Amino acid sequence: MPQPWSRCIIISKKDLEQRYPGGKKVTHYKRAKLEKFGLYLQPDGLLTRLTTYKDLSCTEVELVKEWYQGRNDHLEHREFNQVLQVTTEHFQPGRRCHLLLHRFSESEHEMEFNSSARADSLVRRVLSKSAITETFKGRFDFLHYRQVTFSIPDGLSDVQHIPLKVDPSVKPLSRLALYRILQDLLKHENSAVENAKDSRNETAEQQEWQLDHVDDYLVPHLIDLDFPETLSPTDFDNIIAKCLQEFKESRKAVVNFLKEHHKKLREKQRWYQQNQDFLSKEAVEEYRDYCSEKTLILKVVQARLERYC
């Protein structure tokens, strides 16, 4: 076999590890952009990023998908929905607390776990502003569902009292039996409190991890800059200005929301004052439920506004 006429191709180890010239390859598609990076070249372990857009000019971002490898936190895949403002993170097995999926927005956190690897067989946990809801699978005590409410909102204290009917023919329990029942109830109550604390601690750890990766939440503002390694003073000032503008717009929307609901509540109260003598019992109950619901919404939104503003 004759020798080839071309020179021997020499690829250095550094170039081979980079995979692409300069360690990065960008491919543009219709309403999409695909970015590929060399292994271990990005500080966050990023390998691939797919960005889809709403328009043909690729100016309005719709969805950002990112794939990672070799991260200490076992993060494998992340999706950021720009339209719904929802972030979904997928983790490989081995993460602390055996977390597999974390989906979160401004108002809710949803987590899915590897139940077979957890001692409590927890499958799913949903954390909102007022409650933690947990789902289990395959527990020996047959516990399947648990919900813990943090507090009782004001305005919901009106409880309908139902009279207790006692069968006089049934022999009452002895004091010893009642004492044992009380001990069991106290034991279960303490267990529920400890479980709620553990759940909140795990959620707090996840939120602390999010704070450590705060740069990830600047993705919408870094997309237009093609995710630079460093920010110039001008880009830094522009990002701050955009964040402040978004904050002002969201605050304005909340204020308008409060004004609208206050107006509706006052109109309903005015209507009730004018017609209360002619209303049925059902209509009065409906009015009270309406006022309680609106009052609760206003208090929650006002508290959140004061908390973040």
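L178 counts as partly exposed, because its relative accessibility comes out at 46%. Keep in mind that this is a predicted model.

**Around L178**
- L178 sits in helix α2, which covers residues 175-212.

**Helix α4**
- Helix α4 takes in residues 233-275, so 43 residues in total, and at 1.5 Å a residue it should span 63 Å.
- Which residues of α4 are buried? They are I239, L258, H261, L265 and Y272.

**Strands β6, β7 and β8**
- Strand β7 (residues 99-104) pairs with strand β6 (residues 86-91) in the antiparallel sense, over four bridges.
- If you want a spot to look at in that pairing, T87 has F104 of β7 as its bridge partner.
- β7 also pairs with strand β8 (residues 109-113), again in the antiparallel sense, with five bridges.
- Over in β8, M111 is the bridge partner of H102.
- β7 and β8 form a hairpin, and four residues lie between the two strands.
- To put the strands together: β7 has antiparallel pairings with β6 and with β8.

Definitions and conventions. Residues are numbered from 1 along each chain as its sequence is written. This is a predicted model: local features need pLDDT of at least 70, side-chain atom pairs count only at pLDDT 80 or more; totals for chains, interfaces and linings use all residues. Side-chain values use heavy atoms; hydrogens and water are left out. Buried means under 20% relative accessible area, exposed over 50%, partly exposed in between (1.4 Å probe, protein chains only). The expected span of a helix is 1.5 Å times one less than its number of residues. Two strands pair if DSSP finds at least two bridges between them.
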